[in-house]
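This report is written for someone meeting the structure for the first time.

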Amino acid sequence: MLDLHGFGNALAVGAWVTIKLMLASLGLGLILGLLGAGAKLSRFKTLRVVVDAITTMGRGLPELLTVLFIYFGAIVIVNNLAARLGYEGYIDIRPFGAGVVALGFSFGCYATDVFRASVLAVPKGQIEAAHAFGMHRILTFRRILLPQVWRFALPGLGNLFLVLQKDTALVSVIGLNELMKNTSAAVGYTKKPFTFYLVAAFIYLAIAIVTTLAIQMLERRASRGVRRA
Amino acid sequence: MDFQLILESLPELLSATLLTLNLVAVSMVLGMVLAVPIALMRISKHKWVMTPAFGYIFFFRSTPLLVQLFIVYYGLSQFPSIRASFLWPVLREPYWCSIIAFTLNTSAYTAEILRGAIQSVPWGQIEAGLAMGMSRFLLFRRIIIPQAILIALPGYTNEVILLLKSSALASTVTILELTGMTRNIIAVTFKPIELYVTAGCIYLLLVFLITRTFFGIEHLYSAHRRPSRRNRQMPEPAA
């Protein structure tokens, strides 16, 4: 049987941190993606250009570089700003927060275009019909746009979420005690790198399988009103 | 912004960029060599041929590349037999470990792209080829591959860009490619913002160049989709 030398618990704790990191980044990424899509579809050209530049950047940079930049670079910017505003203390960013911001940003940049395409996929006549019924903008968004955008966007978002999951491993580089970091700690004690990294790989695999099933379920639920050939 | 510092570290960063490109190019080529047989296995009708390919693709696409890299770099040393073997001088080198991990990883993604491209060639054309008496090999060479390449190209462009971004992970196994070199210089100068921004710009430039190159290749192979020179005067009616 597989002998984890008493490190099973550390791996479980690490996996739990990984899952929390995943979900927090997903939440932030979805919000950023929706805002980005809104900006890209807005009437203001400056806004469109700026957001376009930001998303191109976020998609072109290696995720590792984004994580490092947020953790080591943003800390300098934030503290400079704080000092300029008259704050005397030192603001510290924790690895978890930096990881959530970096991964959420990266997810949001990709999600922006997924959401934008999904909004454009909703037939314009439906929006016009909603206005003709006297729905105001928020109600149109809530009742007509959102349920359909959700359905169109789900497959794309699902893929992005699987990518995000794997990117959580990068946050170990800035010292967050998630699955990867705890595995490395276990390797340091036991000198069994192959065994432990393989176990970690299978834990990631298990998380991926659960997510894939969950996404399939959500997709089925979101398209329950759609007739399929 | 300390522009003097950026200018001073630029030569080092650019030579590190060459290493990044080297990592990407070598794993791209080796990955493609590996991907073709895996893709062919994946579309086989025989269960015993298809399942290993499916498992391979599934494993490498569902686990983080960092884990795969660590399994190769740290993991293999766990076995005394590997350390004693003639392969050890290669497997000890972080450069080759990165190449191995990147190659295995990208071959799984590329195989899946190739599979999709091969399977999207219309069945009627394959039937027609068979009816003309083409052998399977000829069918592949004349009918399937020329069309599959064009279908696979956009997906493959994305994969190469992902590979470029993944190559940053080599810095975690002591390789001084672009990200590694950037971190190294920061450790000495304590100027994270200047150097990360410079490295980021270099990466964006590389992404741009890769996209342009592959657009060029796509353009080259899709002459039949564009109106011929003779007909260019008369635009086709909108579909």
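The expected span of a helix is 1.5 Å times one less than its number of residues. The model described here is predicted. Helix α2 of chain A covers residues 45-60, which makes 16 residues, so its span should be 22 Å.

Four residues of α2(A) are buried: A:Val51, A:Thr55, A:Gly58 and A:Gly60. An α-helix has 3.6 residues a turn, so residues three or four places apart point the same way. The cover over the buried residues of α2(A) includes α1 (8-40) and α4 (95-121) of chain A, and chain B contributes α10 (192-221).

**Chain A as a whole**

Chain A contains 8 helices and 0 strands, and its pattern along the sequence reads α-α-α-α-α-α-α-α. The C-alpha trace of chain A spans about 70 × 60 × 25 Å along its principal axes. Chain A has 229 residues, and 36% of them count as buried. For contacts in chain A between residues at least 6 apart in sequence, 79% link residues at least 24 apart.

| Domain of chain A | Residues |
|---|---|
| domain 1 | 24-142 + 152-176 |
| domain 2 | 177-223 |

The centres of domain 1 and domain 2 of chain A, taken over C-alpha atoms, are separated by 24 Å. Contact between them involves 11 residues of domain 1 of chain A and 11 residues of domain 2 of chain A. On the domain 1 side, the touching residues are 7 nonpolar and 4 polar, with no charged residues.

**Where the chains meet**

In the contact between the chains, 27 residues of chain B meet 30 residues of chain A. On the chain B side, the elements giving two or more residues are α2 (47-62), α3 (65-73), α9 (178-189) and α10 of chain B. The largest share, 8 residues, is that of α10(B). By class, the chain B side has 17 nonpolar, 8 polar and 2 charged residues.

**A loop residue in chain B**

B:Thr174 lies in the loop between α8 (136-166) and α9 of chain B.

Terms used. Residues numbered from 1 in each chain as written. Chains lettered and ligands numbered in written order. Predicted model: local features only at pLDDT ≥ 70, side-chain atom pairs only at ≥ 80, totals over all residues. Buried ≥ 20, exposed ≤ 12 C-beta atoms within 10 Å, placed from the backbone. Contact = placed C-beta atoms within 7 Å. Nonpolar A, V, L, I, M, F, W, Y, C, P; charged D, E, K, R; others polar. Domains from an automatic or database assignment.
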